[in-house]
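My entries follow the display.

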Amino acid sequence: MLAALIIVFREVVEAGIVVGIVLAATRSVGGSRLWAAAGVVAGVLGSCLVAIFAGAIASAFEGFGQELFNASILAVAVVMLIGHNIWMARHGRELAEDIRATGEAIARGSKSLLALAVVVGIAVLREGSEIVLFLYGIAITDGGSGASLILGGIGGLILGAGLSALTYLGLIKVPARHLFRVTSLMIAFLAAGMAAQAVLFLEQAGVIDVLGGTVWDSSALLSETSIVGRVLHTLIGYSDQPTALQLVTYAATLAVIYLLTRACSSPGKNRAASANT
Amino acid sequence: MLCLHGAPKRALILVSGGLSLLAFASLAVEAKDPMTYEMTLKGQSFTPAELKVPAGEPFIIKLKNENDAPAEFESKDMKFEKVVAGHSEILTRVKALPGGEFEFYDEYHEDEARGTVVSE
C-alpha cells in the first residue's frame, strides 16, 4: 500500500504544485476556482483517454509517439503560461489595486483563465495517464491485494491535493501588492522548465540532435526523481543531467517572457510592475 | 498576441523562425540509425535482464510487454521513462553511455522487475 501511495504521490507532485500556483495567480479574478476545477476534470478525463490509447500513441511516429505527444502538450502549456504572464503584465496592477471594477476584470480575465485551465488540465493529464495505467494494472493483475493498493493510490492523490493546498496557502500569505509579481515570476520559471522538458522529449524522440551533450550531472547530489527533486523540477525546471540545448531553451524562454511582458505592459508607471520577470 | 508591436514582435518571429529552422536542420542531419536491442517483459522479469552494449555509442531498446498489465519502463541512470501498454512494444533512445552498469526497471513494480545495461 505504501509503495502505491509513493508511486501515485510522485506522479501528482507536479500537477499539485501547478494547480496551487494557478489558483494563487488568479485568486482575485472571479470564477478562477471553477476554471481550475474544470481544468482538473478535463485533465482526469484526458488521462483516461490517453491511458486507453497508450499503445496507439506509443507506436505512432515510428515508436516515438509518446515523446512527441508529451513535447506537444508541454509546448501548449508553455504558450498558455506566457500568454497569462502577458495578460498579468497588462492588467495585474488593476487587479492588485483591489479591483476598481470587478465585473470588468472578470470579463477581461476569462481568456487568461481559459489559458490557465488548459495549463492545469495538461499538468494533470501528463502524469494522470500513468496513474490510471498503474491502477488499471493493479486491478487486472493483483486481484485481492488490489484493494489495499488502490487505497494507497487514493492516499497518494490526497497527498497531492494537500500539496496544492500548501502551495496555494503559502502563496496567498504574500501581500496582495506583491502576489502578482511573485506568481508571474513563478509562472515564468514554470514555463521555462516545461520548455526545457519539451526539448528533452524531442531529443529522446530523435527529432532534435544538436547540443545534446550533458552539461552537468548532479544526480548524486539531488536526484531529479526524488520528491524534493521533483518539486524543484516543477518549480524551476531542475534537471540533474540537463543537455546544453535544454539550458539554452530554458534561458531563451525566460528571455522571451521578460521581453514580451515588458513590451506588453501598459506604458508609463506600470513599467516597474512589468519588470517582474 | 494582440499586444505585440514592432521590435518584440520581430524578435519573436525571428526566434521562433530560428527554432523551426534548427529543428529542420537537425532532422536533416540526423545521424545514422543507432543499434536496436530487443527486450521483453514477462511477469516480473526482463529478458535479457542484463544487456551488454558498447560504451560511447547511442542505442535503442525495443521493449515488448507481454503482460496484460501496462508497465512503465524507467531508468534514472539512463534517463528514460516510458509507458508500455499491455501486449505492445515501445522504443527508447539511450544516449551514449560511459563504461559501467546502468539499472532499469518497471516503475510499477520497482522492487521485482529490474535489469541492467552493461556498457563496456
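I began with strand β4 (residues 59–65) of chain B, which pairs with β7(B) in the antiparallel sense over 7 bridges. Strands are DSSP runs of E of at least two residues, helices are runs of H or I of at least four, and both are numbered from the N terminus; two strands pair if DSSP finds at least two bridges between them. I noted B:L91 in β7(B) as the bridge partner of B:K62.

The model is predicted: local features need pLDDT of at least 70 and side-chain atom pairs pLDDT 80 or more, while totals for chains, interfaces and linings use all residues. Residues are numbered from 1 along each chain as its sequence is written, and chains are lettered from A and ligands numbered from 1 in the order written.

I then looked up the burial of strand β7 (residues 88–94) of chain B: 5 of its 7 residues are buried, so β7(B) is largely enclosed by the rest of the structure. Buried denotes 20 or more other C-beta atoms within 10 Å of a residue's own, with C-beta atoms placed from the backbone.

I traced an open sheet of 4 strands in chain B, in the order β2-β1-β4-β7 with mixed pairing. Its edge strands are β2 (45–47) and β7, each pairing on one side only. Strand β1 (residues 35–42) of chain B runs antiparallel to β2(B), joined by 3 bridges, and B:K42 stands opposite B:S45.

Methods:
A residue is buried if 20 or more other C-beta atoms lie within 10 Å of its own, exposed if 12 or fewer, and partly exposed in between; C-beta atoms are placed from the backbone.
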